[in-house]
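Work through the exercises below with the structure open. Each task is followed by a solution in steps.

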Amino acid sequence: MLKNWKMGVVIASIVAVVSALSMGVVFYLSNRNLTSVLINDVENNMQTSLDAKTKLINEYILNAENQLISFSKQPDILACLKNKDDKAKREELQAYNSEYYSALSGWEGLYLCDWATETLTHSNTSAVGLVLREGDSLKQLHDSLTAAKGSVYNTGILKSPVSGQPIISMYVPIYDGDEPLGFVGGAIQTDGLSQQLDAVSTHGIENTTYSLINLGKKQYIFDDNADLILTEIEDKALLDVMSKIEGGEETGQLTYEGEDGVPYFSVFKSIPERAWALVIRNDKDELYQPVYKSRLIQGIVCGLAFLLITAMSWLMINVNLKPLKKVIQKIQKIETLDLSEDDMIKGYIGRKSEVGKLATAVDSLTVTFRKILSTLNECSVSLVGSSETMRTASKDLMGSVEDNSATTEELSASILNTNSSIEVVTGEVERIHDIVGDITHRAQDGSEKSETLIQTANTMSRTASDTMENNSKKVEETKRNIEEAMKNLQSLVKINEMATQILDITSQTNLLSLNASIEAARAGEAGKGFAVVAGEIGSLAENSSETVNQIQALCKDANKSIESVKECFEDIIAFMETDVSGKFKQFATMASEYEVVVNDIREVIQSIHNKTSVFSESASNIRDQINNVKMASSDNEQGVDDIIVKNDLTTQTADSIIKIADQNQLNVEAIKDIVDMFK
């Protein structure tokens, strides 16, 4: 179907298809890569936020533990434990306890107990003297403190018996050598930690939520839902997180569907030293909103790029094919045999581009055709003139022949009369004077007529010579014109050479297309679009090759026609040089011979006249003179017969010349018909 489309439409369609495929590939690859980058970025942001919150938790608790350790290192504490009855020391230590506690932030209590958990000092003075634990609870505490010798024993999140709010309870055992004397304890409020965790936001995903869970007790430490704090974990996603951590994964990702039916993406990280884990989650659609937005923008940009490329391609193709359209219009004019001059492709002649070379070849072909037509027209005009001249000369020749025939008949009659007179003279000598007078009269009349015959013979000779000379000149001129026309027609060979050059170019283009296709195949997916363009360039080269082959075929046919015309002209020239010129030469020779014969007749008649004038003086020679007259009369009769035969030949020659002139006229009309086919 594409072979019937215009070249501009085909190229624009191919460019549009290639652009659409290219934009599709670009959109697919860029979207895939960018989506992957954005998703990784979002997930990395989540992981970064998780790490920051985890670090904040550790630092917050570690800071509290360090504050408690710092308090436990007060020298008066050990002294007080050794001498619990020293009230002064206890009051002094209580004052220090109250002062130290006032400097703390986020703490719910700070105190000192002996090994039996009796309170010696407390931030709340009303609690001094209370025993905190007894029985199994005391034994469990002793075991934990013994295990935490030299460090902090952190009980984790507890519900405060005072405020009822979640707290983190911590203890630092105090030893005198290897003997435990007591411990300092305190509790920090989790509200401060929660506020600090809430203050850590993640860029682009501000709506994230988190849960801090106790892996050992399987309870919530923190959660957006305050009702869940310190309750048992039942959420399937958090249970899966706990299972992963128990399986050895300290950090990881999890995608799940919440109880509200919304898909969530979460990251988790364990805090093994505290048996805790922090989980951060967000709505997956909200989390990937930048990805969806980026994908939409990419689609719009690729669509606009496709429209822009298609529009620019269509514009550039039309602009670049405009010269080719003009050349095609010029070729179509030549196809209709219209060789009229115009400026349609004048601006492209001489350029080195393919259109310029084609325009130059078409212009050269047009100019050559014009020269051929001009030469043929001149030749036809020259042939018309030559034919008319030959026709006129032939008619003149026919007229002269008719006059010669009449004169010859008169001469024949005169010769018969002369013979009769001779017979009468021989038979009737007695009437010699009368007969001699009659002979004298007739001799004078024959002399006058012989003069006329001589003039006529001279005219025929001059006419034949002039006609032969003119015919020779016309033949030479016609021959030169035909040779010049044949030389001009040989310029068609240049078109054939140009067509051969174009074939070479298309062959090279085809080779380049093949090489480009091979390279595109080596390039794989990235070279598919280039392979399509290379294939189309190969198709364009094949179409150009077919067009050039058609031009060469036309040139070949034109060369054959030129050879036919050349052979026709050579036959005409050969005929005119051999037959016509030969006939004119024969006619001239006959005219010369006729002049000689007439001069002989004149001399004979003059001799008769002279003899009759002296006949009276030489009567004895009358018989001899009569015999001479008889002999001359016989010769004259034979000469007249020869003249009649030559007149017939001259008539036939004139008829042949007229036929040749008529044939030349037909040839002229045929040439004019060929010329008239062109405009």
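Contact means heavy atoms within 4.5 Å. The model is predicted: local features need pLDDT of at least 70, side-chain atom pairs count only at pLDDT 80 or more, and totals for chains, interfaces and linings use all residues. Residues are numbered from 1 along each chain as its sequence is written, and side-chain values use heavy atoms, with hydrogens and water left out.

**Exercise 1.** Describe the contacts and burial of the protein chain.

Step 1. Take contacts between residues at least 6 apart in sequence: 66% of these join residues at least 24 apart.
Step 2. Of the 679 residues, 37% are buried (under 20% relative accessible area, 1.4 Å probe, protein chains only).

**Exercise 2.** Find where confidence is lowest and highest in the protein chain.

Step 1. pLDDT is the predictor's confidence in each residue, from 0 to 100. Its mean for the protein chain is 74, with 62% of residues at 70 or more.
Step 2. Helices (H or I, at least four residues) and strands (E, at least two) are DSSP runs, numbered from the N terminus; the chain has 13 helices and ten strands.
Step 3. Helix H12 (residues 528-613) is lowest, at a mean of 63, and strand S2 (residues 119-122) is highest, at 92.
Step 4. Where pLDDT is low, predicted coordinates should not be read in detail.

**Exercise 3.** Which residues of H2 meet which residues of H3?

Step 1. Locate H2 at residues 75-82 and H3 at residues 87-102.
Step 2. From H2, Asp76, Ile77 and Cys80 meet Lys89, Arg90, Glu92 and Leu93 of H3.

Terms used
Buried means under 20% relative accessible area, exposed over 50%, partly exposed in between (1.4 Å probe, protein chains only). Axes are lines fitted to C-alpha atoms, for helices over the stretch in contact, and angles run from 0 to 180 degrees between N-to-C directions.
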